[in-house]
Amino acid sequence: MQTLMRGKDLITLQEWSKGEIDTALETSKHLKLLFANGRPHRWLRDKTAFMMFFEQSTRTRNSMEAGITQLGGHAHDLTPDKMQLSHGESAKDTAMVLSRFGHAIAIRNCFYGIGNAYLREVARWASIPIINLQDDLYHPLQALADLMTMQETFGALDGLNVTISWAYATSHAKPLSVPLSQILLFTRYGMNVTVAAPKEFPLLPDLVRTAEANAGENGGTLRFVDDMDTGFEKAHVVIPKNWGGFAFTGDASEMAANLAKYPDWICNERRMALADPHAVYMHALPADRGKEVTDPVIDGPQSIIYDEAENRLHTVKGVMALTMGGRP
Ligand code: CP
């Protein structure tokens with residue numbers, strides 16, 4: 001474990017050591033037990049976090065706001081229309097000013113080619129921690145909650161067969177940041193990760209290479225298949241979820257035409273039967289029911305989506321406690 005995390009940014013878990021990630025997981029588990037037992041844990045009394053949401057959110061916004069309240073602090077729920085950035089105020093001025101007022105700046109900006117760059121620019125000028133609430137490349141709080149949920153479900157993670165599959169959806173072209181964060185993190189914990197996706201929905205080659213290096217250094221594997229059935233075979237965990245074809249084309253109409261080819265990429269009971277008999281179904285949510293997954297699967301006995309969602313609360317509390325409080 002590494003414990004000196006006060007003031008640290010969380011933009012991607014790739015920039016945290018495994019010791020730091022393990023400390024965050026243990027802190028999250030401790031906070032989960034305190035919450036379960038109704039024990040006060042006001043570790044961030046009178047601290048303020050600024051949450052800047054460029055997009056909608058249910059889990060991320062409410063887990064962070066509830067979490068900091070439970071830790072004794074307060075979160076400002078900000079959107080661009082409430083801020084002068086809607087009139088063009090710079091990331092530098094926003095970062096410098098909010099740094100004088102509070103103790104962390106948390107940002108969701110998933111616009112492809114823009115989000116991560118914006119977070120990096122705020123982080124360059126801020127003197128308080130930056131917490132990534134999801135950008136175009138990374139969703140570290142989701143990946144951390146997923147890792148915690150898998151630890152709770154399976155114990156040891158090395159040798160676990162985890163399939164991250166593209167799935168059909170029509171609500172919107174979902175960001176690449178969830179599958180990218182999952183392949184980057186899970187390969188560091190010795191898992192055998194399979195990515196199943198049609199050729200028009202690739203992940204970003206640079207980050208795939210990093211995930212391959214992670215696997216090589218940590219005893220895991222990473223493979224790619226273009227068939228959902230093959231991806232499901234012998235999986236202990238299946239995570240079927242849509243992502244947009246941003247890494248294939250910047251043309252929205254071409255992406256829509258590619259999407260229309262694959263309505264049969266749905267997680268259903270037939271496909272679940274291809275996986276290990278004790279396999280679990282996970283999804284970061286929100287899910288496109290009837291498109292990404294059938295109701296019998298997402299509501300069925302193999303689904304652990306609500307445990308996964310609950311852990312968003314405990315993990316963001318762990319991250320805030322360590323980065324906003326923690327050892328001086
Ligand atoms: N999984 C997730 O980030 O959910 P929200 O978009 O509701 O925050």
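This is a predicted model: local features need pLDDT of at least 70, side-chain atom pairs count only at pLDDT 80 or more; totals for chains, interfaces and linings use all residues.

Trainee: How much space lies in the largest pocket, and which of its lining residues are closest to its centre?
Mentor: The largest pocket holds about 530 Å³ of space. Its lining is made up of 26 residues. Those closest to the centre are R108, C110, Q134, H172 and P175.

Trainee: Where does the ligand sit, and which residues surround it?
Mentor: The ligand sits in the largest pocket. Its shell takes at least three residues from domain 1 (13-139 + 311-325) and at least three from domain 2 (142-308). By class, that shell has 3 charged, 5 polar and 2 nonpolar residues. The surrounding residues are S57, T58, R59, T60, R108, H139, Q142, A284, L285 and R312.

Trainee: Which residues have a polar atom 3.0 Å or 2.9 Å from a nitrogen atom of the ligand, and what share of the ligand's area does the protein bury?
Mentor: Q142 places a polar side-chain atom 3.0 Å from a ligand nitrogen. For A284, a polar backbone atom is 3.0 Å from a ligand nitrogen, and for L285 a polar backbone atom is at 2.9 Å from one. Taken alone, the ligand exposes 260 Å², of which the protein buries 93%.

Trainee: How many cavities of 30 Å³ or more does a search of the whole structure find, and which residues line the largest cavity?
Mentor: The search finds 1 cavity of 30 Å³ or more. About 70 Å³ of space lies in the largest cavity. Its lining consists of T12, L13, Q14, Y138, P140, A143, S181, L184, L185 and R188.

Technical notes:
Residues are numbered from 1 along each chain as its sequence is written. Side-chain values use heavy atoms; hydrogens and water are left out. A residue is near a molecule or strand if one of its heavy atoms lies within 4 Å of it. A polar contact is a pair of N or O atoms within 3.5 Å; within protein, one must be able to donate a hydrogen and the other to accept it, and residues adjacent in sequence count only if both atoms are side-chain atoms. Accessible areas come from the Shrake-Rupley method with a 1.4 Å probe; for residues, only the protein chains shown count as cover. On a 1 Å grid over the protein atoms alone, a cavity is a set of points where a 1.4 Å probe fits but cannot get out, and a pocket is an open set with protein on both sides within 12 Å along at least five of seven lines; lining residues have an atom within 4 Å of a point. A molecule sits in a cavity or pocket if more than half of its atoms lie within 2 Å of its grid points. Ala, Val, Leu, Ile, Met, Phe, Trp, Tyr, Cys and Pro count as nonpolar, Asp, Glu, Lys and Arg as charged, and the others, Gly among them, as polar. Domain bounds come from an automatic or database domain assignment. Grid points are joined across faces, edges and corners, and a volume is the space filled by probe spheres set on the points.
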